[in-house]
Amino acid sequence: ASDRASKVVSALRAYSIYQANRQLVDSDLRENLEMIMTLYHNQFKQGIEIIRNYQAAPIIACYPDELGQVWSNLIYNAMQAMNGKGTLTLSLKQQEGYAVVSISDTGPGIPPEIRRQIFEPFFTTKPMSEGTGLGLHIVRQIVEHHHGKLSVESEVGLGCTFTVKLPLRRLNVE
């Protein structure tokens with residue numbers, strides 16, 4: 001229990017340090033993702049299986065605090081979509097000059113008729129007390145701020161995958 005508490009405190013501390021740092025820094029995407037996973041750890045115990053498919057751990061120049069918001073929003077949305085039961089898959093790889101992070105869930109999926117609207121500010125499918133409809137809009141803005149690409153694939157009844165592609169660039173090349 002003390003080891004677990006120590007990891008949570010470290011993740012919260014790292015997250016708060018990132019919030020104060022508004023400069024591009026070289027950051028390990030695997031560590032960035034795992035920091036957010038540590039913060040959500042207790043919510044996964046209730047029936048969400050986690051699959052990590054990390055093929056690479058690219059270090060890129062980025063705003064780690066902003067990327068933490070991206071992963072947090074996408075992971076939280078996936079957990080809500082699955083109502084606490086299902087499989088969350090995190091994938092990380094390098095492809096054609098990009099670091100590629102995919103977050104997939106086995107929730108109900110996003111109907112095609114609303115897929116274009118999900119990134120619009122204040123659009124939500126959640127009850128008024130549960131969401132503002134800003135999460136995915138903010139995700140898109142942050143990805144664009146990093147000169148990246150954001151896409152979504154979904155099949156109703158089978159789940160959803162959000163993919164973030166971030167340019168492989170570094171500040172301090174050793």
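The discussion below concerns a predicted model, taking its sheet, its helices and its nonpolar core in turn.

Trainee: In what order do the strands of the open sheet lie?

Mentor: The order is E2-E4-E5-E7-E6, 5 strands with mixed pairing. E2 and strand E6 (149-155) are called edge strands because each pairs on one side only. From one strand to the next, the twist averages 15°.

Trainee: How do you know that H2 packs on the sheet?

Mentor: H2 touches E2, E4, E5 and E7, and contact requires heavy atoms within 4.5 Å. The direction of H2 makes about 170° with that of E2. H4, for its part, lies across E6 and E7 and runs at about 140° to E6.

Trainee: Why is the set of 37 residues called a nonpolar core?

Mentor: The name applies because such residues are buried, of nonpolar core types, and joined through side-chain atoms within 4.5 Å. Leu29, Trp71, Ile75 and Leu88 have the most contacts inside this core, the largest one. Elements giving two or more residues to it include helix H3 (64-81), strand E3 (59-62) and helix H4 (135-145).

Trainee: Which residues does isoleucine 75 contact, leaving aside its neighbours within four places in sequence?

Mentor: Isoleucine 75 is in contact with Ile36, Met37, Tyr40, Phe44, Leu88, Leu90 and Ile103.

Definitions and conventions:
Residues are numbered from 1 along each chain as its sequence is written. This is a predicted model: local features need pLDDT of at least 70, side-chain atom pairs count only at pLDDT 80 or more; totals for chains, interfaces and linings use all residues. Side-chain values use heavy atoms; hydrogens and water are left out. Buried means under 20% relative accessible area, exposed over 50%, partly exposed in between (1.4 Å probe, protein chains only). Helices (H or I, at least four residues) and strands (E, at least two) are DSSP runs, numbered from the N terminus. Two strands pair if DSSP finds at least two bridges between them. Axes are lines fitted to C-alpha atoms, for helices over the stretch in contact, and angles run from 0 to 180 degrees between N-to-C directions.
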